[in-house]
Amino acid sequence: MGVLRVDTLRETVASAVAATGNAQLTIVVQSAKEAFAAGLAAARNWPTFNRKSGKKAADRTVYIDFHVANGDKVNYAEIQAVADGIRNTQRLVDMPPADFNTIHFVAEAKRVAESLNALPSKAGNVTVEVIQGEELRDRGFGGIWGVGKAAEYPPAFVVLTYEPTTAPSKTVALVGKGVVYDCGGLSLKPTTGMCGMKSDMGGAGAVLGAFQGIVSAGLATAKVHALLCLVENAIDAKSFRNDDILVHYSGKTTEVNNTDAEGRLILADGVAYASKHLNPDVIVDIATLTGAQLISTGKIHAGVVSRTDEAEKAMLAAGKATGDVCFPMLYAPELLIKLFESQVADLKNSVSDRMNAQSSAAGHFVEAHLAEDYKGAWVHVDIAGPAESAKMRGTGFGAALLYQFVKDI
């Protein structure tokens, strides 16, 4: 038997199951580890969001069983918990921005937290903090406020915290880019570049989906903070402009030279907050950040930038275990941070040379806003390619990846 390829397995499963009605599927695998990845791959085939008139999907159940060659016992409950997180991420990514703005996203985060606290077998407690609208400006979140202030619905910063009942040995902060729609701002995208930008909240969607899976599965390996940086990059009289200077939560300043390089501006505030206040051992930021990621690592593999070999290897291993596969990108801040040089601020937000590892450079921009005394690990995951399928449907990429990363920490 060859090596399991979850991308091809997903396609095989889709062709093997009828389009309507309940179905029973048996997948033959070598081990329980393969069953985990295979089950998650199969679950991605039935996204729940649909607005086709007169074609409301009937309720159906696809039962998946595994024949495990080596006799391992499959943890079906864990697969279901993570699959539910993936499918919720898919649903959020697929929703149009008129139906899923920043207000809706905040409500969804609260709904997930409430449902997790209501679980009969919960292994810990979930709390939610929301900083929204002008409070962001007043509390120093200059990146999130600057990008999101022009939209009809206010920007928000949401922190969900999971505290396991048994004292965990580690603390992890997961920071997600949640741009519910990105027209490019005053640096307006062309029509073809704008279609599909409802998926620009895929990072925050993945963080919320992972958090859902972590709590539902009862992981107790770490205290987990899920930080959602939520904005719409819109155009209005209040829009931030090229040449504006934003003051971030880190205290550092950014001279804007491209309003369409907005994701890094909001992630900067997220990682600054995490490193200043949450005392994490690891910070992971995840985002549909750069089109250049597709050039660097393709449409199936996410690009990873990390300041430590250990954290990078852990993320790559989590990708192999779940099918959310990743590949490392260049880590060279001493070479790349100079691409953001400004004469009047600490940084600019878009690189001066787009032919010089710009996906890695974007990661270094985010890294630059970590607190100076932060000594923990940091991993940046760019999912611009794998967050959406060729048919422009959400894949749920990142939810399982972050779940496994936290599980193995």
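Let me begin with a definition: a residue is called buried under 20% relative accessible area, exposed over 50%, and partly exposed in between, with a 1.4 Å probe and protein chains only. By that scale Lys 276, at 43% relative accessibility, counts as partly exposed.

Two remarks on method. The model is predicted, so that local features need pLDDT of at least 70 and side-chain atom pairs count only at pLDDT 80 or more, while totals for chains, interfaces and linings use all residues. Residues are numbered from 1 along each chain as its sequence is written, and side-chain values use heavy atoms, with hydrogens and water left out.

I turn to the helix that holds Lys 276, namely H9. Helices (H or I, at least four residues) and strands (E, at least two) are DSSP runs, numbered from the N terminus. After H9 comes Asn 279, with a positive phi near 50°.

What does Lys 276 touch, leaving aside neighbours within four places in sequence? With contact meaning heavy atoms within 4.5 Å, the partners are Tyr 249, Ser 250 and Ala 371. Between Lys 276 and Glu 372 there are 9.1 Å in space, C-alpha to C-alpha, although the two are 96 residues apart in sequence.

Next, the aromatic residues. Rings of Phe, Tyr and Trp (its six-membered ring) pair if their centres lie within 6.5 Å; planes under 30 degrees apart count as stacked, over 60 as edge-to-face, and the rest as tilted. The whole structure contains nine aromatic pairs. In one of them, Phe 141 and Phe 157 have ring centres 5.0 Å apart and planes at 40°, so this pair is tilted. Phe 141 lies in the loop between helix H5 (134-138) and helix H6 (142-148), and Phe 157 lies in strand E4 (residues 156-164), 16 residues apart. Both Phe 141 and Phe 157 are buried.

Phe 141 also pairs with Tyr 273: the centres are 5.9 Å apart and the planes stand at 35°, so this pair is tilted as well. Because Tyr 273 belongs to helix H9 and Phe 141 to the loop between H5 and H6, the pair ties together parts 132 residues apart in sequence. Tyr 273 is buried, with a relative accessible area of 7%. Ring pairs link Phe 141, Phe 157, Tyr 249 and Tyr 273 into a cluster.

Finally, the sheet. Two strands pair if DSSP finds at least two bridges between them. In what order do the eight strands of the open sheet run? The order is E3-E4-E6-E5-E9-E13-E10-E11, with mixed pairing. Strands E3 (124-132) and E11 (326-328) stand at the edges with a single partner strand each, so one side of each has no neighbour in the sheet. Strand E5 (residues 170-182) and strand E9 (residues 282-287) run parallel and are joined by five bridges; in E9, Ile 286 is the bridge partner of Gly 176.

Axes are lines fitted to C-alpha atoms, for helices over the stretch in contact, and angles run from 0 to 180 degrees between N-to-C directions. Helix H8 (residues 202-216) lies across E3, E4, E5, strand E6 (222-233) and E9, at about 140° to E5. Helix H14 (residues 399-408) lies across E5, E6, E9, E11 and strand E13 (377-382), at about 175° to E9.
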